[in-house]
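Here is a short report on one protein. Look at the sequence and the 3D structure first, then read on.

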Amino acid sequence: MEIRGVSKSFGNLEVISSIDLTIENGEFCVLVGPSGCGKSTLLRMLAGLETVNRGSIHIGGNDVTHKRPGERDLAMVFQSYALYPHKTVRDNLGFSLKMHGVRKADAVSLIEQVARTLGLQELLNRYPAQLSGGQRQRVAMGRAMVRDPSVFLFDEPLSNLDAKLRVQMRAEIRDLHQRIGATTVYVTHDQIEAMTMADRIIVLNGGKIEQAGPPLELFDNPRNAFVAGFLGSPAINLIEGQATRQAQGMCVRLPDGAMLELPALSDDLDGRGVVLGIRPHHLRIDPEGAVSATVKVVEPTGVETILFTSFGGQDLVCQLPRTIRPALDETIRLSADPEDILLFDEATGERL
C-alpha cells in the first residue's frame, strides 16, 4: 500500500498534510498520536469513507484514490462493533457475503472457517445482546475476515473494552495477524497497544508524520521530544535546563541549580537551552545523586514502585524496584547514567 502526498482539509482546517507512506505487504502498521492528530481521518481515506483533496492511494499497485469502499479489497473493524442487533452471529458474519452474491454453500464454509479461527463456533446462533464485549469484537473481526481482504483496517477497536479484555484482545489480534499474514493498518491513541502490537509505528501530530519505525527504535531513539513524550508508560521526564562546560565535561544546569553530566556526544552545546529526557526506569536513588527531589505520591504496583516527586518546581516520575518505598515528603537524591539521557533542543524540540 502506498500513500503519496495525501492531504485532507475540512473547510480551512487541514487535518492531513501531504503524507507520504509505504506500508509493506503483510506488515502490521499502527497509526498513533493524540486526539485530533489525523490518524482516524487517514484511515477513513484509506477505506474510501473520506475523499482525498490532494495526492493518491495505491493498494496492490492499483490507484484506488477515487474508488468506492467496496472496490478496494479491504475490510474495516470499527470501534463501535457495528453489529446488526436483530441478526445472529452467523448472519452477521455472512451478511457481506450475501451482499456480494457468494453462493450459500461457499458462504457456510467460510463462516465455519472464520468461527473456528476466532473461537465463535458455540456462539453462532446467539444475538449480539447475548455476547460479552470481547465476543462482540471477535464477531466484528470475523465479519471483516470472512471476505478474505488484502488489507485490514482497525479503528481503535479495543477502546470500549475493560483493561483485562484489552490485553486479551491485543494478543488475539496479533496472533491472528501472524497466522493469516494480511496487511493491517491499526489506529489507536494507546501507546501500549502500539508498542506491543506493531511491526512499525507511525507517530502522527498535527496531520504530519513525526517519526516512523519499529517500536523499540522509536522508544530508544526518538527524533524529537514529542515522540519521546508520547511513547512510554510512565511517560518520559522532560526537564528544561542550560548546557554548560565544566571541568568534567559538558553538563546541564538544572532548575534547582544542580549540575547533571551529559552524554559525551554533547560537547558543543555550551550556553544552549536544552531539554533533558530521562525515562522513569533510568532513575535510581543514589546518595551522591545530583537531583534532590521531594516524594509526593508513592504508587506500589506489586511489580514495582512508581514515585511522583517534585524537583525544582517540576514533576519528576521514578520507576523503582518494589522493595523501595520512601515516605511521603521525604527528600531523596536521584541519578541517571549519562548514556541514558536523551537531549533535545529547547526551541525546536529536535533531538541533539
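What share of the 352 residues in the protein is buried? Buried residues make up 49%. Buried means under 20% relative accessible area, exposed over 50%, and partly exposed in between, with a 1.4 Å probe and protein chains only.

This is a predicted model, in which local features need pLDDT of at least 70, side-chain atom pairs count only at pLDDT 80 or more, and totals for chains, interfaces and linings use all residues. Residues are numbered from 1 along each chain as its sequence is written, and side-chain values use heavy atoms, with hydrogens and water left out.

**Confidence**

pLDDT is the predictor's confidence in each residue, from 0 to 100. The protein averages 91, and 99% of the residues score at least 70.

**Fold and cores**

The protein has eight helices and 20 strands. These are DSSP runs, numbered from the N terminus: helices are H or I, at least four residues, and strands are E, at least two.

The largest nonpolar core has 44 residues. Met-141, Ile-173 and Tyr-186 have the most contacts inside it. A nonpolar core is a set of buried Ala, Val, Leu, Ile, Met, Phe, Trp, Tyr and Cys residues joined through side-chain atoms within 4.5 Å.

Contact means heavy atoms within 4.5 Å. Among contacts with a separation of 6 or more, 65% join residues 24 or more positions apart.
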